[in-house]
Amino acid sequence: MTKKDKKQNTSYNSTDIAMSVVKSVPKSDFVSFVRKYLVVEGLPCSRHCDKPTHYSSLMEDRSKLVGAYVCPDNYVSRITYFEFNNDDLNWFKSFIRGELDGGNLIRDKDFRLATRHGWELGGSAESEIQSFSDSSKGVKEYYWTFYPKDNEEKKRGNFLCETCGKLFSQSLTSKNKVCQRH
Ligand SMILES: [Zn+2]
Ligand SMILES: [Zn+2]
């Protein structure tokens, strides 16, 4: 090994260490960013009532955030999914199918994708986004909304169970907040 090689090895090692330290940070930066700019409180409930919704997290780790917009009657108008450096739509679909009994109300075409850019989010989003992503790529937001396909389905809605936190389907006018699993 020449002196030069040795020097290169040393510098490689320090880069590796620096990278592994940096890598663990952007993931949680990502989730905080999503919570700060892409999760909204108080949006009016759609298709059910016009009361304000709140965001309820269904699954969260250092790189991933899935949550539902829920109104005071626990009706779920939308579910969103964000993942750092990844966009696994199939994972999101199977996650929702696992959360909701009666997965036949979950159709592939009801999943949509929106790309959110820092410049449209205001505040210091544009500069914050650069700490974990190439700002020109933005952040991908997948969302699922239930669109009834016939009159029978129009009478049904998906709700969040206040006992187990899973989703369930029932009559749109029901005030029941607990699923059939209990
Ligand atoms: Zn509602
Ligand atoms: Zn339940």
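## Overall fold

Two residues are taken to be in contact if their C-beta atoms, placed from the backbone, lie within 7 Å. The model described here is a predicted one, and its protein chain contains five helices and seven strands, which follow one another along the sequence in the pattern α-β-β-β-α-β-α-α-β-α-β-β.

Of the 182 residues in the protein chain, 25% are buried. Among contacts with a separation of 6 or more, 50% are made by residues 24 or more positions apart.

## The sheet

Strands of a sheet pair through backbone hydrogen bonds, either parallel or antiparallel. In this model, five strands make up an open sheet whose order is S1-S2-S3-S5-S4, and their pairing is antiparallel. From one strand to the next, the twist averages 25 degrees.

Within this sheet, strand S3 (residues 76-83) and strand S5 (residues 139-144) run antiparallel and are joined by three bridges. Threonine 80 has tyrosine 143, in S5, as its bridge partner.

## The helix across the sheet

Helix H2, which covers residues 89-99, lies across S1, strand S2 (64-70), S3, S4 and S5.

Conventions: Residues numbered from 1 in each chain as written. Chains lettered and ligands numbered in written order. Predicted model: local features only at pLDDT ≥ 70, side-chain atom pairs only at ≥ 80, totals over all residues. Pairing = 2+ DSSP bridges. Helix = DSSP H or I, 4+ residues; strand = E, 2+ residues; numbered from the N terminus. Axes fitted to C-alpha atoms, helices over the stretch in contact; angles between N-to-C directions. Buried ≥ 20, exposed ≤ 12 C-beta atoms within 10 Å, placed from the backbone.
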